[in-house]
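Subject: Structure for you to look at

Hi,

Here is the structure I promised to send over.

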Amino acid sequence: MRHLLSAGDLDRDAALLILDTAAEMAALSDRSVKKLPTLRGRTVVNLFFEDSTRTRISFELAAKRLSADVINFAAKGSSVSKGESLKDTALTLEAMGADAVVIRHWDSGAPYRLAHADWIGGSVVNAGDGTHEHPTQALLDAYTMRRHLRDGTGALEGVRVGIVGDILHSRVARSNVLLLQTLGAEVTLVAPPTLLPIGIEQWPCDVSYDIDAVLPNVDAVMMLRVQAERMQDAYFPTAREYSRLYGLDGERMRLLPEHAIVMHPGPMNRGMEISAEVADSARAVMVEQVANGVSVRMAVLYLLLGGAKELGE
Ligand code: NCD
């Protein structure tokens, strides 16, 4: 495999290989010297057209821990703001010898254009494209669930996951549904009808409008950010109303089984989809998700650039 564009590109073996490799990488992070020489002399470019805190820093740290040279390219302050096209930007990166391009773009499908137009010879990793996909987020989420619910080994057969909130605008939800299905988990999406995409019936998961009915039956609940920046219309009456019907507060959290974990990809709108009490509770694993993100991205970069054959053709 040369690129990672969609969580759907990964079959069960490839997904498990990434998760197992990430566990080995995590062991490295516990050492005082956290670097591996594996990607010495290789160049990884972080090409971020859209804002990001966690994902960009996480990819940067992952590449650095593998000893790669890292270039951070943000569209703001670059020639993109002068109207340079994705193609010209890509050709520039190619001329500079990028071995991997990690791209986040506001257009759904931009990483595909980059990968399939043959503008660049290296690997393309999708770090979030529009409302489409975010495969490394799904991998770090699966890694986190595996650690908490499966002792860090095997797939996620029979694990029940609720994904709650703004599914319509969420690339995290789509990638998670695809990967979790591959790993054998059972997913229920929970959202108001206005925040569900058209064609949701075809997704390999259940759909509910009732969070209180779903919570007692899940092992993990993933709260999604209400993506106000992607909303031109009114999708719900008021923030207060949204929060009352679909937000996770302390009282609702107590509907979860004892062992269940609370996840959120960040950034959180505290008081909107998740209350401060829940975000700061012992069940919340957001900080671990961030830490696991580095290990998972190390594994992805390592396998794509170093051990590509192991990931299949
Ligand atoms: C998500 C994203 O950007 O898709 N965040 C992330 O990568 N950690 C989710 C979001 O923006 O709400």
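Below is what turned up on the pockets, the ligand and a couple of backbone details. Bear in mind that this is a predicted model.

Pockets first. The largest pocket has a volume of about 490 Å³, and 27 residues line it. Nearest its centre you'll find Arg104, Arg171, Arg225, Gly266 and Pro267. By class, that lining splits into 7 nonpolar, 11 polar and 9 charged residues. Several helices take part: α2 (54-65), α5 (135-149), α6 (171-182) and α11 (286-305) each put at least two residues into the lining of the largest pocket.

Now the ligand. The residues around it are Thr55, Arg104, His134, Gln137, Arg171, Val172, Arg225, Gln227, Pro265, Gly266 and Pro267. Arg104, Arg171, Arg225, Gly266 and Pro267 are in that set, and these are the residues that lie nearest the centre of the largest pocket.

- Arg225: a polar side-chain atom sits 2.7 Å from an oxygen atom of the ligand.
- His134: an N or O atom of the side chain is 2.8 Å from a ligand oxygen.
- Arg104: here the distance from a polar side-chain atom to an oxygen atom of the ligand is 3.1 Å.

As for how covered the ligand is, it exposes 320 Å² when taken alone, and the protein buries 94% of that.

One backbone detail belongs with this site. Gly266 and Pro267 are joined by a cis peptide bond, with omega about -5°. Pro267 itself is in the loop between β9 (261-263) and α10 (276-279), and both Gly266 and Pro267 are among the residues surrounding the ligand.

There is also a second largest pocket, with a volume of about 160 Å³. Its lining is made up of Phe48, Phe49, Glu50, Asp51, Ser52, Arg56, Ala74, Ala75, Lys76 and Trp106. That comes to 5 nonpolar, 1 polar and 4 charged residues.

Last item: Ser67, in the loop between α2 and β2 (69-74). Its phi is near 70°, a positive value in a residue other than glycine.

Over to you.

Cheers

Methods: Residues are numbered from 1 along each chain as its sequence is written. This is a predicted model: local features need pLDDT of at least 70, side-chain atom pairs count only at pLDDT 80 or more; totals for chains, interfaces and linings use all residues. Side-chain values use heavy atoms; hydrogens and water are left out. On a 1 Å grid over the protein atoms alone, a cavity is a set of points where a 1.4 Å probe fits but cannot get out, and a pocket is an open set with protein on both sides within 12 Å along at least five of seven lines; lining residues have an atom within 4 Å of a point. Grid points are joined across faces, edges and corners, and a volume is the space filled by probe spheres set on the points. Helices (H or I, at least four residues) and strands (E, at least two) are DSSP runs, numbered from the N terminus. Ala, Val, Leu, Ile, Met, Phe, Trp, Tyr, Cys and Pro count as nonpolar, Asp, Glu, Lys and Arg as charged, and the others, Gly among them, as polar. A residue is near a molecule or strand if one of its heavy atoms lies within 4 Å of it. A polar contact is a pair of N or O atoms within 3.5 Å; within protein, one must be able to donate a hydrogen and the other to accept it, and residues adjacent in sequence count only if both atoms are side-chain atoms. Accessible areas come from the Shrake-Rupley method with a 1.4 Å probe; for residues, only the protein chains shown count as cover.
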